[in-house]
Amino acid sequence: MSSNSGSLRNPNSGRTFRKVLRTLPTYALLSLVSLLVVIPFLWMVSTSLKDQTKVFVFPPQWIPDPIVWDNYPKVFERQPFQLYFFNSLYIAVTVTVGTAIFAALAGYAFAKLRFPFKNVIFVVLLSSMMIPAEVTAIPLFIGLTNFKLTNTHFPLIVPPILGAGGMFGVFLLRQFFITIPGELDEAAKIDGCNPWTTFWRIMLPQAIPALATLSIFTFLNSWNDFFDPLIYLSSKELYTLPLALSTFTDQTGTDWHLLMAASVMATLPLLLVFFLAQKRFIEGVALTGLK
Amino acid sequence: MLDTSEKTANPVPVAGKEAESTFSLDKKNKNKSRLGRGEKWYGYLFISPMVIGYLVFVLGPIVAAFGISFTNWSLYNEPALVGLSNYDKALNNDPVFWITVGNTLVFSLGLVPLNICLALALALLLKQKLPGIGFFHTIIFTPVVTSIVVWVIVWKYIFATDAGLINQFLKLFGIQGPAWLYSENWTMLVIIIVSVLKNVGLNMVIFLAALHDVPQLYYDAARVDGASPWRIFRSITLPLITPSIFLATTITVIGSLKIFGQIYVMTGGGPGTSTYVMVYYIYKQAFQFFDYGYASAIAFILFAIILGLTIFQWQMRKRWVHYEQ
């Protein structure tokens, strides 16, 4: 009622002014938090372009003078950075692809196929998501050492795909396949498809949106993983980016300008993808919330 | 949550289905039972990689960890059963263990309320349809996708004693800032703040989704009744999003008990033992001192705490959460 009477009156400038005024605290608070979040990134980029002598200069320089692009190539001279980059990338891609395949396969079976003890097995598998990785890490480490698999990339690739991390994918894909109407696979069956061809030709193409979301989540987890590389890897040439960055400090007595250049390079590709595919990204990461 | 709208149905099975509808039902059922038998084996085949993975990488290790916690297994001696002595040592004879428990709890108690309240406030602000609001949403979420190592390294630099941005900023006003990362009074606070900023975007997104699910109808009705914004928040918004608040709180509490990366990169447990937390202690015992037995016992105590909290929150949830679909 009140809004009705408002619209009958002439637009009141005082009123719109008050409206704008009322949004000000919102913008102020959002800006404050955003600033706290943005400052580390800006400071990282700024420092990465500074001359070594200007890193500690007072008052702080936001725009470096002079701008030293040379810090970036220097990172590669100091450390086999391209190798760390490659390690991180190929591990994350393998884990992502592997998780997508095995999670989709098992998720489809749990959602659409009929076999004895299906639901019991599903619940048992699901329970593994409650177990903290810190508890299983010790026996896994001992076991993998016995098989001479520590100080290889095996522990960073296979357990994440088939272990507790993969179970989350199974759960996610099962929930997705359940929403696909049963007529579709019935029809495929009658057309002579066996479960494998139904899965491969009909179900998997349907699941691409769900797989995209799962893949973002998986890729990020693998790319940013720190605990596993830390306990399993000892040879430098096997290091992933986060592990390599964490050791930068000790070795070079913290050359902040180089460390920041390396951090920028480790972060930038992911941030670019994030800004391009934000919606899917936020969806994918928010899935951790379901975990 | 998942986008199911953009699937373009494969035309072949649909056409097949239409043709099929003229066939007799009998034949369909016969087909089903014949295929049903094979279906069972396909089912087991499809889940077998995950089942094997579960046995090898989850069930096996958890049983083994439980067993190891009753031995004195380390890199330097052959394992022998020692009964409950690892647990006894942790609970009764190891002051460091209790320090790590205390520090973990301090971190958790500092982080969780701050994270949840800030995330809720941000979600409420972002829910408004104002110009440019999406920009803030993106920015505040950015640290969630950033590596914890990178995030912490940058903050370590910002909080550095002499050349850090914060102390340089304070210097502009003639204030001599403290040695943030070398003073027992400040370090934990710094870690809490850095951790909140890293992850607040995640809970914010969860809350925002919950807020969007509250039917607009209730708000309209309340407004007609002349309810104040605070009253609307107390009586409509808050009760309706309690399931999400509980979920987010559970995740955040469990995550906070497992804090590791921040400590490893920023402080190494110091200064003194002021940021020595449980997972860092497990890491030290297992992978630096190679005392597998004792480390497993501590890991199981952590597991028990997490399990207890999860169950507790489930019970509370039944009592406090009013509206659940």
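This is a predicted model: local features need pLDDT of at least 70, side-chain atom pairs count only at pLDDT 80 or more; totals for chains, interfaces and linings use all residues.
**Chain A**
- Chain A has a radius of gyration of 26 Å, while the globule rule gives 19 Å for its 291 residues, so the chain is more spread out than a compact globule.
- If you want box dimensions, the C-alpha atoms of chain A take up roughly 75 × 70 × 35 Å along the principal axes.
- Buried residues account for 45% of the 291 residues in chain A.
- Take the contacts in chain A with a separation of 6 or more: 75% of them come from residues 24 or more positions apart.
- Helix α9 (residues 182-190) of chain A is worth a click, since the buried residues there include charged ones by name: A:Asp185 and A:Lys189 are buried, along with A:Ala187 and A:Ala188.
- Just past α9(A) you'll find A:Gly192, which has a positive phi of about 95°.

**Chain B**
- Read along the sequence, chain B is simply α-α-α-α-α-α-α-α-α-α-α-α-α.
- Chain B splits into domain 1 (11-68) and domain 2 (85-320).
- The centres of domain 1 of chain B and domain 2 of chain B, taken over C-alpha atoms, sit 41 Å apart.
- Of the 325 residues in chain B, 38% are buried.
- For contacts in chain B between residues at least 6 apart in sequence, 70% link residues at least 24 apart.

**Where the chains meet**
- On the chain B side, 89 residues are in contact with 88 residues of chain A.
- Helix α2 (residues 25-68) of chain B supplies the largest share of that side, at 25 residues.
- Sorted by class, the side of chain B that touches chain A holds 63 nonpolar, 16 polar and ten charged residues.

**The nonpolar core**
- The largest nonpolar core runs to 165 residues, and A:Leu173 and B:Ile298 have the most contacts inside it.
- Helix α4 (residues 81-112) of chain A gives the most to this core, with 15 residues.
- As background, nonpolar side chains tend to be buried together in soluble globular proteins.
- Leaving out residues up to four places away in sequence, B:Ile298 touches B:Ala90, B:Phe97, B:Met278, B:Tyr281, B:Ile282 and B:Gln285.

Note on methods:
Residues are numbered from 1 along each chain as its sequence is written. Chains are lettered from A and ligands numbered from 1 in the order in which they are written. Two residues are in contact if their C-beta atoms, placed from the backbone, lie within 7 Å. Helices (H or I, at least four residues) and strands (E, at least two) are DSSP runs, numbered from the N terminus. A nonpolar core is a set of buried Ala, Val, Leu, Ile, Met, Phe, Trp, Tyr and Cys residues joined through C-beta atoms within 7 Å. A residue is buried if 20 or more other C-beta atoms lie within 10 Å of its own, exposed if 12 or fewer, and partly exposed in between; C-beta atoms are placed from the backbone. The radius of gyration is taken over C-alpha atoms; the globule rule is 2.2 Å times the number of residues to the power 0.38. Domain bounds come from an automatic or database domain assignment.
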